[in-house]
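Please walk through this structure with attention to how its parts are placed and packed against one another.

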Amino acid sequence: MNDNKKSAVIEFRGGMFGLILPFIVLFAGIIMLSVAGKAMPMAFWVPTLAAVLVALIMAKKPTQCADLLVEGMSNEMVAIMLMAWFLAGIVAQLMKESGLIQGLIWLCINVGLKGRFFPLITFICGSLLSTATGTALGTVIALAPILYPVGVALGANPPVMAAAIVSAAYFGDNIAPVSDTTIASAYTQGVDVSDVVRSRLKYAFSAAAIACVGFLIFGQGATGSGDLSFVGELSPKGLIMLAVPALLIFMMYRGVHLIVALMSAGSLGILLSLVCGLLPLERLLVVDMDNFVVSGVIVEGIQSLVDIAIFAMLLMGLINLLDKGGFFQWLIQALSKYTKDDRSSEFVVAIIDIILCCLTVANSVVIVLEGPIAKKLLVENRGISPDRSANILDAVSCVAMCLIPYGFAPLLAYMFAGGSGAPVNFSVNELVLYSFHGWGLAIVMFFAIFTGWGRTHGKVPAAKKKG
């Protein structure tokens with residue numbers, strides 16, 4: 001395969017419209033499925049493949065288009081993401097079968113913890129985890145398989161439980177000093193990470209306060225008490241498996257690579273469950289040669305996340321076409337002419353942020369893409385302080401990641417909920433509807449843009465600049 005062909009700018013029939021048409025097909029399909037209440041990752045395969053077909057038809061050089069699709073699907077970020085998800089699926093399946101969920105429910109019932117408060121507790125604990133580790137998807141992976149079924153069993157509102165986990169993930173993604181989005185937003189605007197974090201706390205905590213109220217009001221499920229029919233026998237024996245998520249969280253906190261942390265936690269979980277008699281050895285791998293079927297904890301764990309993995313891989317291929325087709329630069333230039341004053345300039349940066357997040361579902365990538373133009377529009381042209389520019393970039397992208405139904409965090413939380421054995425009587429659209437931190441942060445940031453709250457002018461002291 002010719003590398004020059006892969007890296008060359010790709011052209012489409014109809015110009016920019018031909019480049020955008022595959023995404024129109026993709027989003028039309030996703031919207032139709034969402035309206036019908038069928039927003040599932042596997043269902044998204046169909047409109048995504050239809051978009052790929054349209055891209056090949058509209059490309060002036062279909063072979064080059066195919067090369068770029070494969071390039072996008074096979075980049076390092078996709079490979080790491082898929083490997084982490086598959087390992088997370090194994091850990092989640094292990095927790096489900098080893099009795100940890102039953103042990104936690106037994107513990108919560110004995111200490112008198114009510115389901116109404118569980119989404120709020122989940123949001124607070126999850127926010128601490130995501131702030132300590134700086135990883136949104138890692139937070140969802142660590143918490144969703146365990147806390148969702150426990151909360152539902154105690155009587156918490158199911159979509160609110162899942163939404164609390166997603167909200168918590170992006171609280172930390174927004175303010176954690178070690179978060180990739182925090183670092184990207186700071187350095188693209190030429191300001192210290194510490195300055196950025198201090199200046200954005202007022203926005204993040206205001207949004208979190210709104211979220212806490214929402215989770216408390218809507219936290220109670222439809223029934224007065226939780227339905228425990230899906231749980232089975234409650235017993236404290238499985239509580240020893242708390243060592244597995246504890247190890248995962250500790251390693252994430254220490255900055256260990258997520259794949260290393262997941263592999264280590266999964267290995268510990270398998271060892272503990274076998275030694276303590278919580279899982280029979282034969283359940284690790286079941287090979288049925290009579291029916292040509294392979295199952296078991298490891299296989300079923302991986303299979304549980306194949307749906308979202310295939311959707312993600314196809315989507316990242318299409319996103320590469322937008323990049324190589326020049327859409328991102330075209331969009332930024334097209335909207336930059338509407339920057340007449342401070343308010344309109346910040347609003348344009350926020351709108352570009354949302355559009356790019358909807359197209360890429362990767363907010364760190366969006367911040368890197370949009371960072372230079374945000375610096376030019378806000379810091380250089382309007383004299384707005386760089387920490388303010390960084391805050392708009394980061395916070396608005398976290399809003400989008402919370403509220404896009406086909407975003408990876410909402411879909412992951414939904415997949416883990418579906419595989420937990422607990423009832424899932426809601427769609428991913430309802431999940432994002434209850435993502436109160438996302439909505440709260442949206443209200444706070446657009447209030448700040450329109451009123452000027454927190455807006456300052458002037459550059460940071462030279463000693464604090466990063467070159």
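Rings of Phe, Tyr and Trp (for Trp, its six-membered ring) are taken as a pair if their centres lie within 6.5 Å, and such a pair counts as stacked with planes under 30 degrees apart, as edge-to-face over 60, and as tilted for the rest. The model is a predicted one, in which local features need pLDDT of at least 70 and side-chain atom pairs count only at pLDDT 80 or more, while totals for chains, interfaces and linings use all residues. Residues are numbered from 1 along each chain as its sequence is written, and side-chain values use heavy atoms, with hydrogens and water left out.

The ring rule gives a count of 18 aromatic pairs. One of them is formed by F171 and F205, a tilted pair with 6.0 Å centre to centre and 40° between the planes. F171 belongs to helix α9 (residues 158–175) and F205 to helix α11 (residues 193–218), so this pair ties together parts that are 34 residues apart in sequence; helices here (H or I, at least four residues) and strands (E, at least two) are DSSP runs, numbered from the N terminus. The terms for accessibility are buried for under 20% relative accessible area, exposed for over 50%, and partly exposed in between, with a 1.4 Å probe and protein chains only. On that scale F171 is buried at 6% relative accessibility, whereas F205, at 48%, is partly exposed. Both rings also belong to a cluster in which ring pairs link F123, F171, F205, F215, F218, Y434 and F436.

Turning to the chain as a whole, the secondary structure of the protein chain comes to 22 helices and two strands. Its radius of gyration is 23 Å, close to the 23 Å that the globule rule gives for 467 residues, so the protein chain is as compact as a globular protein of that length; the radius is taken over C-alpha atoms, and the globule rule is 2.2 Å times the number of residues to the power 0.38. Along the principal axes, the C-alpha atoms fill a box of roughly 65 × 50 × 40 Å. Of the 467 residues in the protein chain, 56% are buried. With contact meaning heavy atoms within 4.5 Å, residues 24 or more positions apart account for 80% of the contacts in the protein chain that have a separation of 6 or more.

How do helices α5 and α15 pack, in angle and in distance between their axes? Helix α5 (residues 76–97) and helix α15 (residues 306–324) meet at an angle of about 175°, with their axes 10 Å apart, the axes being lines fitted to C-alpha atoms over the stretch in contact and the angles running from 0 to 180 degrees between N-to-C directions. The two helices α5 and α15 are therefore roughly antiparallel to each other, given that angles under 35 degrees count as roughly parallel, over 145 as roughly antiparallel, 65 to 115 as roughly perpendicular and the rest as oblique. From α5 the contact draws on M77, V78, M81, L82, W85 and F86, and from α15 on V306, I308, A309, A312, M313 and M316. These residues divide into twelve nonpolar, no polar and no charged, where Ala, Val, Leu, Ile, Met, Phe, Trp, Tyr, Cys and Pro count as nonpolar, Asp, Glu, Lys and Arg as charged, and the others, Gly among them, as polar.

F292 lies in the loop between β1 (286–288) and β2 (293–295) and is exposed, with a relative accessible area of 71%. V361, by contrast, sits in the loop between α17 (342–360) and α18 (363–380), and at 4% relative accessibility V361 is buried.

Some further positions complete the picture. S179, in the loop between α9 and α10 (180–188), is buried at 0% relative accessibility and, leaving aside residues up to four places away in sequence, touches G134, G172 and D173. S344, found in helix α17, is buried at 19% relative accessibility, and its C-alpha atom is separated by 31 Å from that of V178, 166 residues apart along the chain. L49 of helix α3 (residues 41–58) is partly exposed at 46%, and L49 and P22, 27 residues apart in sequence, are 9.6 Å apart in space, C-alpha to C-alpha.
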